[in-house]
Amino acid sequence: MALEQVLEVRRLLDEGQLSRRAIAAATGVSRGSVGAIAKGERGLFGAPPVEPEVFRSAAAQRCPGCGGMVFLPCVLCEAVAHRQAVEGARAA
């Protein structure tokens, strides 16, 4: 749950105008989370928004190894190379 949602739930609870069910519907969180915040069982903390830098700054490209459209480096090609290295070490 985002910190903004937690603070909005707390604000709405403090106002006392809406039921917990209505607060949950208005903020998009579960009724259980609203209840935990109201009882003081959940701190006023939240996860920061996460946006991978790679996807915002780079465009998908064709992988020279497998030919797929990916954000480089290609995770599939790295996994295949790792698996081949592990299998090669077992054979030796």
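Figure 1. Setting aside neighbours within four places in sequence, Thr27 is in contact with Gln5, Glu8, Val9 and Leu12. Thr27 itself belongs to helix α2. Its relative accessible area is 13%; since buried denotes a value under 20%, Thr27 is therefore classed as buried.

**Figure 2. Contact of helices α1 and α2.** Helix α1 spans residues 3-15 and helix α2 residues 20-27; their axes come within 10 Å and cross at roughly 150°. The crossing of α1 and α2 is right-handed. On the α1 side, the residues that take part are Gln5, Glu8, Val9, Leu12 and Leu13, and these meet Arg20, Ile23 and Thr27 of α2. Sorted by class, the contact of α1 with α2 comprises 4 nonpolar, 2 polar and 2 charged residues.

**Figure 3. The largest nonpolar core.** This core has 9 residues, namely Val6, Val9, Leu12, Leu13, Ile23, Ala24, Val29, Val34 and Ile37. Two or more residues come from each of the elements α1, α2 and α3 (31-39). The greatest share is that of α1, which gives 4 residues. In soluble globular proteins, nonpolar side chains tend to be buried together. Val9, Leu12, Leu13 and Ile23, which belong to the core, also occur in the contact of α1 with α2.

**Figure 4. Contacts of the core residue Val6.** When residues up to four places away in sequence are not counted, Val6 touches Met1, Ile37, Arg42, Gly43, Leu44 and Phe45.

**Figure 5. Confidence along the predicted chain.** The protein chain has a mean pLDDT of 84, with 85% of its residues at 70 or more. Which elements have the lowest and the highest mean pLDDT? Helix α4 (residues 53-57) has the lowest, 50, whereas α2 has the highest, 94. The element with the highest mean pLDDT, α2, is also the helix in which Thr27 lies.

Notes:
Residues numbered from 1 in each chain as written. Predicted model: local features only at pLDDT ≥ 70, side-chain atom pairs only at ≥ 80, totals over all residues. Heavy atoms only, no water. Axes fitted to C-alpha atoms, helices over the stretch in contact; angles between N-to-C directions. Left-handed = near helix turned anticlockwise from the far one by under 90°. Contact = heavy atoms within 4.5 Å. Nonpolar A, V, L, I, M, F, W, Y, C, P; charged D, E, K, R; others polar. Buried < 20%, exposed > 50% of the residue type's maximum accessible area, 1.4 Å probe, protein only. Core = buried A, V, L, I, M, F, W, Y, C linked by side-chain atoms within 4.5 Å. pLDDT = per-residue confidence, 0-100.
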